[in-house]
Amino acid sequence: MFEAMQRHFQRYADLAREMIPAAPGYRQLELAEIAEMCERLETKAPTTFYEALQLLWMTSIIGQFESNASSLSLGRMDQYLGDFYQAALDDPEVPASFLHEVLGDFYLKTNDVVLLRSAESAKCFAGFPTGYTVSLGGYDKYGQYSVNALSNEMLDIYHEIQLPQPNLSVRINEQIPRRFLNKTCETIRLGTGIPMIFNDEVCIPGFLSKGVSLDDARDYGVVGCVETTIPGRTYGLHDIALFNLMRVMEMAIDDLKDDPEVTYAKLRQHILDKIDHYVKIVTTGSDIVDLGHRNFAPIPFLSALVEDCIQNGKDVTQGGARYNFSGVQGIGEPNLADSLYVIKKAVFENHELTFKNLVEVLQSNYAGADGEALRQHLIHDFDKYGNDNAELDMECAKIFRHFALELGKYHNIRGGEFNAGAYTVSAHIPLGEDVGATPDGRKAHEQLADGGLSPMVGRDHLGPTAVLKSVSKIDNTLAVNGSLLNVKFSPATLKGDNGIKKFADFLMAFTQLKIRHVQFNVQSRETLLDAQKHPENYAGLVVRVAGYSAFFVDLNKHIQDDIIARAEHTL
């Protein structure tokens, strides 16, 4: 395997030499250096920042060859390349402009990879994300915030590149230096949705609760979209399944539609019982998929790079890695909480209609003038998740807690736990197509709440701090597989030094409220609408979709409409 890797490096060296005669003078020198570097890296460790970048990229590409794999992410680049970069900065013979150029070239290369996807898969991963995710900053093994020259340079270069990849993230905690926090805010202000933010104060305790060592937990990274992992030590299967909680609710309501003794408590318990039933089914199905990977798609090259696989003599698909999780995403928690709140208030407390009447209205998809009037009443006259209503938000928290703890009772065939996630990628669109009308006022086959823990589009009326307060009531440490919160700001909100100061304070509030993840779109509704009408004028417009960014004009209209409809906040 590694002999094949050496031959691959040699082919690049040979190609570089073949290109020298036809190249201009300066390029001839570059090609000669590339050829020599590829040959050195066949057998020797990198000694310079340039060589380390080259080895990282070539290794990544070989991993892509092995498995056409989405989300072969790059981990904590600033930490493992930081010393190489600092040594280059300290070398008077290495121009800073050269370091800037090669890192920029690396960024461009991460946008070269386009994965083959089925049409169904593309619905759930709109915009062709490749998952070259990078984590910057965060605690080191000593519990100190670790930021270096490369951390800053990687944000600075993104100001020039502004492409969907690499999918930068910044790990934040109470020790983050204000200067680095401000630079992070300035980068988000560009409007591409990069970087996203992860909270060490939540992610690390979450891993500790799953038996991960303290040193490993402090070294967590982000893979793919928002999935948290222990880089180089984990085979996580983070997207093994999506669990449609709203479909479960729909079936539970149907089961009880003719029960004359139905109560709110009975309905709620029936929903929880059905969650338990389908969690067992989804873990069984996930193990079948896991076994298929083991039997038909082992990944020996990746396994050789994951700690403990060689010592254990096992491929990652056989359980060779140190940590062997499987991740299942609970989809629709905000919609379920909103629906239960409406049922509790409108049916069982206010007695505005009977449970049977409600079911009939849902089955008709709010048909007729009376149905539409009721739908508007349910949307506008009952509080919704995202507006800091403690009673409603705690229903969301209790549902997710139940789902996560029930899922955690099961172990996969590699011996690891099933971990809960709360993110949708873009699956809230196709999963919504599978669900009929719901008590929160959502019509049949419309989308579910975007993100995972984000409020249903257009239902958060009290501003971004109210959204944070709602999300904070959920025990975010339970979402070990990852969670996602989308927030959309008006560009004017982040304008100037004062805008950056307020935004930085907002992120520190996010940290103290113990929320796992947040990401931002900073594009005006008017810009997005114009881009939808005149895509030829916006070829370079990058927006945040889910745990990744994409070119707006590459997205289908359903996803474009979803992004446009998200509430636009100010601070």
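Predicted model: local features only at pLDDT ≥ 70, side-chain atom pairs only at ≥ 80, totals over all residues.
**Exercises: a pocket and some salt bridges**

Four helices, α1 (2-19), α2 (25-41), α3 (49-67) and α6 (96-109), each give at least two residues to the lining of the second largest pocket. Here, helices are DSSP runs (H or I, at least four residues) numbered from the N terminus.

Residues are numbered from 1 along each chain as its sequence is written, and side-chain values use heavy atoms, leaving out hydrogens and water.

**Exercise 1.** Find which helix supplies the largest share of the lining of the second largest pocket.

*Solution.* Look through the lining helix by helix. You'll land on α6, with seven residues.

**Exercise 2.** Work out which parts of the chain the salt bridge between glutamate 391 and lysine 344 ties together.

*Solution.* 
- Step 1: check the contact. The closest N and O atoms are 2.8 Å apart, and a salt bridge needs a side-chain nitrogen of Lys or Arg within 4 Å of a carboxyl oxygen of Asp or Glu.
- Step 2: Glutamate 391 sits in α19 (residues 390-407) and lysine 344 in α16 (residues 333-349), so the pair ties together parts 47 residues apart in sequence.

**Exercise 3.** Decide whether aspartate 450 is buried or exposed.

*Solution.* Buried means under 20% relative accessible area, exposed over 50%, partly exposed in between (1.4 Å probe, protein chains only). Aspartate 450 has 2%, so it's buried.
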